[in-house]
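Here is a short briefing on a protein model. Keep the sequence and the 3D view side by side as you read.

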Amino acid sequence: NLEYTKACIDSIFQYTEDFKLFIWDNNSEHDTKDYLKNLVEKYPHIVEVIFNDENLFFVEPNNRLIELG
């Protein structure tokens with residue numbers, strides 16, 4: 001749900017300092033993808049999004065994100 005995604009990311013920006021945000025998109029709906037693309041354009045030095053064409057569920061994306069961090 002896009003509204004939950006926005007609320008979560010807004011909270012991170014509001015309450016966190018000096019961070020890099022990695023987001024794994026598991027083939028979300030088009031409006032969420034557009035929001036995430038805009039976020040990367042607005043904060044290219046902070047936000048990195050990995051867009052996936054299928055839902056890989058929880059474990060594999062988290063393991064890959066740990067490798068990036």
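A residue is called exposed when its relative accessible area is over 50%, buried when that area is under 20%, and partly exposed in between. The model is predicted.

- Phenylalanine 58 has a relative accessibility of 60%, so it counts as exposed.
- Look for phenylalanine 58 in the loop that runs between strand 2 (47-52) and helix 3 (59-68).

**Asparagine 52**
- Asparagine 52 belongs to strand 2.
- Is asparagine 52 buried or exposed? Its relative accessible area is 16%, so asparagine 52 is buried.
- A polar atom of the asparagine 52 side chain lies 2.7 Å from the backbone oxygen of glutamate 54.
- Which residues does asparagine 52 touch, leaving aside neighbours within four places in sequence? Asparagine 52 is in contact with Trp24, Asp25, Asn26 and Asn27.

**Serine 11**
- Serine 11 sits in helix 1, which covers residues 2-15.
- With a relative accessible area of 33%, serine 11 is partly exposed, because that label covers values between the buried and exposed limits.
- Along the sequence, serine 11 and glutamate 41 are 30 residues apart.
- In space, serine 11 and glutamate 41 are 19 Å apart, taken from C-alpha to C-alpha.

How values were computed. Residues numbered from 1 in each chain as written. Predicted model: local features only at pLDDT ≥ 70, side-chain atom pairs only at ≥ 80, totals over all residues. Heavy atoms only, no water. Helix = DSSP H or I, 4+ residues; strand = E, 2+ residues; numbered from the N terminus. Buried < 20%, exposed > 50% of the residue type's maximum accessible area, 1.4 Å probe, protein only. Polar contact = N/O pair within 3.5 Å; in protein donor to acceptor, adjacent residues only side chain to side chain. Contact = heavy atoms within 4.5 Å.
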